[in-house]
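Student: I've got a structure to go through. Let's keep it quick.
Tutor: Fine, bring it up.

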Amino acid sequence: MDLTIQYTNCDAFSGELCKLLINDNNVSKINIILLYIKLGKSYSQILVPAYIHEITHTQVDTIIGSVENYHNAELLPIFMEKLVALQTKNKEFLNDIERLRFAHTLKGMASLMIDRNISEEEALENSMYIVSSLQAQNLFNKYLEGNDDIKHEIIRNIQNVFDGNKTLENILKEMNISFENSLDKKMIGKRLIK
Ligand SMILES: [Zn+2]
């Protein structure tokens, strides 16, 4: 797949996958055309997880039905940004990435609670980021704490979602990950509040 990158003035951690949805009324089907990936133009190591996040969107966003619940749309992209930061074997870098994501989640929570002028669309998007990032953290904790078999199982499951063989919701159920158990204080505190 040939997908260009457009560098913009956005900060290094806020990339975007730009796509076009075309409703084909003849076959009542939605076609998704990927246009380009937007990334921040000032180079830093943070661009790597930001890029992987958007590449993951190219996998999950193009197979309609692989993620059934709108609120889970950011879960795998957020998980993959953590995973790639882990692969650098630089603990500080992984901490930075997790803290940036957590700060983004807290900002979303604050705006839902305080901002009276928030539009319905923004509120929905914020709630989606909150649900996705807490569950992504839960899945990432299972990956970190799991033995090699569990690590392989998680990666195999994610590949199954990319291939359209399983839904994300299926694997969350199998791994006992829900929004409710992702709110567990111990779960959040384990890596993010020290
Ligand atoms: Zn995203």
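Predicted model: local features only at pLDDT ≥ 70, side-chain atom pairs only at ≥ 80, totals over all residues.

Student: Where is Lys89 found, and does it count as buried or exposed?
Tutor: Lys89 is in the loop between H2 and H3. It counts as exposed, because it has 8 C-beta neighbours inside 10 Å. The cut-offs: 20 or more other C-beta atoms within 10 Å means buried, 12 or fewer means exposed, and in between is partly exposed, with C-beta atoms placed from the backbone.

Student: Which phi does Asn176 have?
Tutor: A positive one, about 55 degrees, although Asn176 is not a glycine. Asn176 lies in the loop between H6 and helix H7 (185-191). It is exposed, because 9 other C-beta atoms lie within 10 Å.

Student: How many residues apart are Asn176 and Asn138?
Tutor: They are 38 residues apart along the chain, and their C-alpha atoms are separated by 9.7 Å. Asn138 is one of the buried residues of H4.

Student: Back to H2. Is it mostly covered or mostly uncovered?
Tutor: Mostly covered, with 10 of its 13 residues buried. Among them are Leu75, Pro77, Phe79 and Leu83. Glu81 and Lys82 are on that buried list too.

Student: What covers them?
Tutor: The cover includes helix H1 (47-60), H3, helix H4 (120-145), helix H5 (148-162) and helix H6 (168-174).

Student: How far does H2 reach?
Tutor: From first C-alpha to last, H2 reaches 19 Å, close to the 18 Å expected. The expected span is 1.5 Å times one less than the number of residues. H4 has 26 residues and reaches 38 Å, close to the expected 38 Å.

Student: At what angle do H2 and H3 cross?
Tutor: Roughly 160 degrees, and the axes of H2 (residues 75-87) and H3 (residues 91-114) come within 8 Å. Axes are lines fitted to C-alpha atoms, for helices over the stretch in contact, and angles run from 0 to 180 degrees between N-to-C directions. That angle makes H2 roughly antiparallel to H3. Angles under 35 degrees count as roughly parallel, over 145 as roughly antiparallel, 65 to 115 as roughly perpendicular, and the rest as oblique.

Student: Which residues make that contact?
Tutor: From H2, Ile78, Glu81, Lys82, Ala85 and Leu86. From H3, Phe93, Leu94, Ile97, Glu98 and Arg101. Contact means that C-beta atoms, placed from the backbone, lie within 7 Å.

Student: Those numbers jump by three or four a lot. Why does spacing matter in a helix?
Tutor: An α-helix has 3.6 residues a turn, so residues three or four places apart point the same way.

Student: Next pair. What about the axes of H3 and H4?
Tutor: They come within 9 Å and cross at roughly 140 degrees. H3 and H4 are therefore oblique to each other. In H3, the contact residues include Arg101, His104 and Thr105, and in H4 they include Ala123, Asn126 and Ile130. Asn126 and Ile130 are buried.

Student: And how do H4 and H5 lie?
Tutor: The axes of H4 and H5 come within 7 Å and cross at roughly 140 degrees. They are therefore oblique to each other. Leu139, Lys142 and Tyr143 of H4 meet Ile150, Lys151 and Ile154 of H5.

Student: Last one. Where is Gly164, and what does it touch?
Tutor: Gly164 is in the loop between H5 and H6. It counts as partly exposed, because it has 14 C-beta neighbours inside 10 Å. Not counting residues up to four places away in sequence, Gly164 touches Ile63 and Ser66. Gly164 and Gly65 are 99 residues apart in sequence and 8.1 Å apart in space, C-alpha to C-alpha.

Key
Residues numbered from 1 in each chain as written. Helix = DSSP H or I, 4+ residues; strand = E, 2+ residues; numbered from the N terminus. Contact = placed C-beta atoms within 7 Å.
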